[in-house]
Amino acid sequence: MTESKTKKPQRHYKSSKTHERREPHRLESSLASVLPKNPRSSVKDYDKSLHSSSGQHRRSGNEVNDGTSKRLDGRIRLQRKREAINTNRQEQANDRGNAPELKIIPVSNGSNGFGSTGLNSNNMHSLNPANGQEGIREKKLRIIPLGGLEEVGRNMTVFEYGKDIIIVDMGLQFPEEDMHGIDYIIPNSRYLRDKTDNIRGVFVTHGHLDHIGAIPHHLRVLGNPPIYTGAMTKAIILKRQDDYKDSPKLKIHAINTEDYIQLGAFGVEFFHVCHSIPDAIGLAIHTPVGTIIHTGDFKFDQNPIGDKPTDIGRIAHLAEKGVMALMSDSTDADKPGYSISESEVKDNFSDIIQKSEGRVIAGTFSSLLTRIRHMVEIAERYGRKVAVDGYSMKANVEIARRMGYIRANKGTFIDIKEINHYPRNKIIIMCTGAQGEDNAVLMRIANEEHKYVHLERGDTIIFSSSVIPGNERTVQSLKDGLVKKGVRVVHYQMMDVHSGGHAKREELKLMLNIVNPKHLIPIHGNHYMLRQHGETAKHLGMPENNVLIAENGQVIEFDQKGKGRLTKEKVPANYVMVDGLGVGDVGNVVLRERQQLAQDGMFTVIVVIDSGTGKQIGNADLISRGFIYMRNNQELLKDSRMEIKKIIEQKTRNGYPINWEYVRSSIRDDMGQYLFNKTQRRPMILPVIIEV
Ligand SMILES: [Zn+2]
Ligand SMILES: [Zn+2]
């Protein structure tokens, strides 16, 4: 969109020289974003790191001015640029020729959108010095990943230019194994809280939870901006919204891939990508400083089932005029070669099901709708009935059937309650829980706690999704339990049952070659995966400085020349934990307590004290949960009672008034030390003092 964009497309890799210094990674400021990964870090650290990051924010806001004469130049230059952009955009719109559908959606919560004709006077506000620094300094495009760059999950990226903000995806992340009782984690939206007037819209690439899961939590605090996404994704988002009754009604628009949506300074176009869920899209985001291609999650399956291949032609067309930056899926960047085609996966499935004598129980993600669709087709081929169990699985299958994505003969789907009316070899059960989640259906089946499904020798269980890093141990013990029962366990590693939804290394190269971007911003993955992706780009000739590997919350900036850099500015990106329906109320203190309980258990001390004399009455009652087995530790309990008696005598010796809080905390601290000396464990100690 800048002048440079109108030039002939050129290969950027070799030609671009840069003198910019690469910013060193800031370890201290990254503390805020990684904190809960270290259960022992203190709350104080956490606060400090937050402050330091907001401090940087303020500093960087003041840093820019370098003389008044330049300011004026800057203004004129900016104005010219604006005009150029608008003419350009108009030309582009006319250019689109046989696919001319220019859809201009009015900006709903703000007034500085570009109209379809020329320079809209509303745009001038940002050139007015009275509007503060933003107008004086050279405007930069800011890309701020709020999540998804240090994990597979909670994807959310902010694009900010002047007073316009668009957001791509709002996902959640499943907790690590040591985050007890946390349902999931969502990105931190604090940076956006006082900028809600600037948010023009949210684009959602597809219906997986790591891309839509935080919508119910964030939309209401961000002023309920409009959402643009595919039709199927829209249905999934709306279905999930049913669980959040007090949320505002979503303004959600289904797009199709020919649309062009202009929101403030951003023009967004779409392309179809193939992934493990239908209706996935990537985005071409046109900004005043250049175009960004955002792939979402994708792979290049040339023979997908029930879906079209990733639209290479369209991507090439969108990239024709030069791409400033490619933001590309890194989930499988460390895996060589190409991903397996869904067609091959289907053959594998077919094989397993044909050979199974008993019931087949397939645990998978409810969102892998492509996979679910296969199973239904194969079930019909072998005359099996399909029973679906698990809340999210049922919901997604219902949506997919309603939208015609899963087509089944009448009678193929049966209720889980009816499975015992059919022979064992006529049933396929599809359920959630391939990750070993505590309360998911597969876990209940494995533990013989399921109301209708009971395992027998000869049954087959298929784990058909890869294990989320961090869940390996749980899944392993789940599988052990099943094998002991004589159940055949098939895991994706054994049978290629799983073809990931993500591009492997050769496919990433293909994307890089089609788009031919000046910069690569690897997204969706742990730091290691992002690095691997960066290495791949360097291998293809991209200069090191043009690979921008950021941390969550780190601001990436593009100047008017389309040159990108990682800044030192960091916005809050630490975890927000969701526990049940509470958001963010489980802080690090609560989490640390849960970790302590899980590790060393709990030890409750109940003492009755005569409020008249301050003397203890009788012996202390002791309750242990997960700390020691009381029956085998009578000696320790006896000693503990003596110890408690001693502590109380000591702490109440000085007579009235007795400071009960002091007594309580003494029991906690002294008994903690005492028990640690005896057992090398640190249970949580709960002193209860009853005055009579
Ligand atoms: Zn996905
Ligand atoms: Zn994803």
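Predicted model: local features only at pLDDT ≥ 70, side-chain atom pairs only at ≥ 80, totals over all residues.

Analyst: The sheet in question is open and has six strands in the order β15-β14-β16-β13-β17-β18, with parallel pairing. Its edges are β15 (413-414) and β18 (488-491), each with a single partner strand, so one side of each is left without a neighbour in the sheet. Residues are numbered from 1 along each chain as its sequence is written, and chains are lettered from A and ligands numbered from 1 in the order in which they are written.

Within this sheet, β13 (residues 360-363) and β16 (residues 427-431) pair in the parallel sense over four bridges, and G363 stands opposite C431 in β16. Helix α13 (residues 369-381) lies across β13, β14 (385-389) and β16, and runs at about 170° to β16. Helix α14 (residues 391-402) lies across β14 and β16, running at about 125° to β14. Such angles run from 0 to 180 degrees between N-to-C directions, with axes as lines fitted to C-alpha atoms, for helices over the stretch in contact; two residues are in contact if their C-beta atoms, placed from the backbone, lie within 7 Å.

Helix α16 (residues 472-484) can be followed residue by residue. At 1.5 Å a residue, its 13 residues should span 18 Å, and its end C-alpha atoms are 19 Å apart, which agrees; the expected span is 1.5 Å times one less than the number of residues. The buried residues of α16 are V475, L478 and L482, and seen down the axis they fall within an arc of 60°, so they line one face of the helix. The arc is that of the directions from the helix axis to the C-beta atoms, and a residue is buried if 20 or more other C-beta atoms lie within 10 Å of its own, exposed if 12 or fewer, and partly exposed in between, with C-beta atoms placed from the backbone. An α-helix has 3.6 residues a turn, so residues three or four places apart point the same way. Just after α16, G486 takes a positive phi of about 80°.

A second open sheet of six strands has the order β8-β9-β10-β11-β12-β19, but with mixed pairing. Here β8 (260-263) and β19 (517-523) stand at the edges, each with a single partner strand, so one side of each is left without a neighbour in the sheet. Direction ignored, neighbouring strands of this sheet are turned by 20° against each other on average. Strands β10 (residues 280-287) and β11 (residues 290-294) pair in the antiparallel sense over five bridges, with L283 opposite H294 in β11. Helix α18 (residues 505-515) packs on this sheet, where it touches β11, β12 and β19, and its direction makes about 165° with that of β12. Helix α11 (residues 312-319) lies across β9 (266-273), β10, β11 and β12 (323-329), running at about 155° to β9.

D279, in the loop between β9 and β10, has a positive phi of about 70° although it is not a glycine, and D279 is buried, with 23 other C-beta atoms within 10 Å. H524, in the loop between β19 and α19 (527-539), has a positive phi near 60° and is likewise a residue other than glycine; H524 is buried, with 30 other C-beta atoms within 10 Å.

As for the chain, there are 22 helices and 26 strands, and buried residues make up 45% of its 692 residues. Of the contacts in the chain with a separation of 6 or more, 74% are between residues 24 or more positions apart.

Methods. Pairing = 2+ DSSP bridges. Helix = DSSP H or I, 4+ residues; strand = E, 2+ residues; numbered from the N terminus.
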